[in-house]
Amino acid sequence: MVVTALGTSQTLAWASSYYLPAILAEPMAAGTGVPRAWVFGAFTVSLLISALAGPFVGRVIDRYGGRGVLALSNVVLAAGLTALSVATGPPGLFVAWALLGAGMSLGLYDAAFATLTRLYGQEARGAITGITLIAGFASTVGWPLSAFLEHALGWREACLIWAAINLLIALPINRFLLPPAPAVPAAAPDAPEAPVGWKPHREMFLLAFVFGAGWFVTGSMAAHLPGLLERAGATPLEAIAAAALMGPAQVAARIAEFVVLRRVHPLVSARIAASLHPIGVAVLLIAGPPGAILFAVLYGAGNGLLTIARGTVPLAIFGPVGYGARTGLLGAPARAAQAFAPILFGLLLDAMGVSAIFISAGLCLAALGALLCLRARPAS
C-alpha cells in the first residue's frame, strides 16, 4: 500500500513540475511575452533552488519523517502552479518557478527515498525500487495530459488543473495513506546530536561525483537526444523513434532491478548503470545510424538503474542513520549539474558536433571508476 500510494503521488508530482516545460514552454513563452529560452532559464533556477534546499529537507525528514514534508510539497507545488497560471511577464514567471523549485525539493525522489528509509531502515531498497518503477511513467502520463489540457483549455488552465490534482489527489494520498515515521531513539543527555555533514569524506565525495556526472548526462540527453542522433546520421523520424524507446528501457531496467538485481549489492547495479551509456556510444560510433535504437535503449536502461542507485547506494554504504541529510547533500551537485547540462551540452554539440558524445561517455566511465573505488559493504 505504501509503495503504491507514494509511487502514485510521485508520478503526479513529477508530471506537474519537472516534466511541465517540455509541453508548456512554448505557450508559456507566448503567453507571458518572453523568449522561450527564458522559460527554461526560470526552470533552471527552480532546479538550483531545489538543489540548495535539498540538504535542509533531508535533515527535517531524518528528524520528523517524511509524511508531513511530502504533503507540504503538494501545497507548495499547487501554489507555484497557480502563480504560473497568472504570470504575465518575467517577474511572475520566475517567482512561480521558484515556488515550483521549492516544491520539487520537498516532494520528488530524494524526499521520497528519505521517507521510505525512515519507515523501513536498511530494508528500504525494495520500496525505493517500487516507487521508481511506478513513477517511471510520469512522463507517459504527464506529457499527454498536459498537451490535451493545453489544446482543449489553454496552458494557464492546464496549470490550474495540475494545481487541483496536487491538492485533491496527491495531498490526501501523502497525508493519509503514508504512515507516520517511527520515533527517533532518544540520545543520551550528554551526547548532543552531531550533524552528518560530508563525512565520511572519501565516500561522500566519490558519490557526489558519481551522481553529478550521471545527472549531467541525464540532463544532456533529455534535451538533446533526438538532435544528437540526427547529427550521428539518423533521419528525424529514426531519431524520434529511437529516442521514444528511452522511457520503456528505463522501466524495463527497473523491473530487472526489482526482480533480479535486488539480490546483488546496489553498487553492482550502479556500476552496470554507469557502463551502459559508454557501451551505447561505442555501438553508435561503430554501427552508425542503425545503432541509434540500441544506443537509446542502453542509455535509457542505464538512466533507469542510476535513478534507483541514487537512493539505494547511500543506504547500503552509510546505513539509515542520517540518510536524508546525506542524500540531500549528494543530490545538490547532481541537481545543479542537471540544471546546467542542457545549455552546456548544447554548446558542446555546436562546437564539436557528434563528437560531444565522447564527453558524456567519458563522464560515465569516470563515474564507473569512482564506483569501483567504493566498498560493497556498509561503511563502519
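Y109 and F113 are both buried, where buried means under 20% relative accessible area, exposed over 50% and partly exposed in between (1.4 Å probe, protein chains only). The model is predicted: local features need pLDDT of at least 70, side-chain atom pairs count only at pLDDT 80 or more, and totals for chains, interfaces and linings use all residues. Residues are numbered from 1 along each chain as its sequence is written, and side-chain values use heavy atoms, with hydrogens and water left out.

The structure holds 10 aromatic pairs. Rings of Phe, Tyr and Trp (its six-membered ring) pair if their centres lie within 6.5 Å; planes under 30 degrees apart count as stacked, over 60 as edge-to-face and the rest as tilted. Y109 and F113 form a stacked pair, at 5.2 Å centre to centre with 10° between the planes. Because these two residues are 4 residues apart in helix α6 (residues 109-120), about one helical turn separates Y109 from F113. Helices (H or I, at least four residues) and strands (E, at least two) are DSSP runs, numbered from the N terminus.

Y18 and Y19 pair edge-to-face, with 5.3 Å between centres and 85° between planes. Y18 counts as buried because its relative accessibility is 16%. Both of these pairs belong to one aromatic cluster, formed by W14, Y18, Y19, F43, W97, Y109, F113 and W143.

Two arginines are placed over rings. A charge sits over a ring if NZ of Lys or CZ of Arg is within 6 Å of the ring centre and within 35 degrees of the ring normal. The charged end of R262 sits over F258, 4.6 Å from the ring centre, and that of R310 sits over W215 at 4.7 Å.

Helix α9 (155-176) and helix α4 (67-85) each supply at least two residues, and α9 gives the most, with 3. V75 lies in α4 and is partly exposed, with a relative accessible area of 39%.

The whole structure has 0 disulfides, a disulfide being a pair of cysteine sulfur atoms within 2.5 Å. For C364, the nearest cysteine sulfur is that of C373, 16 Å away. C364 counts as buried at 9% relative accessibility.
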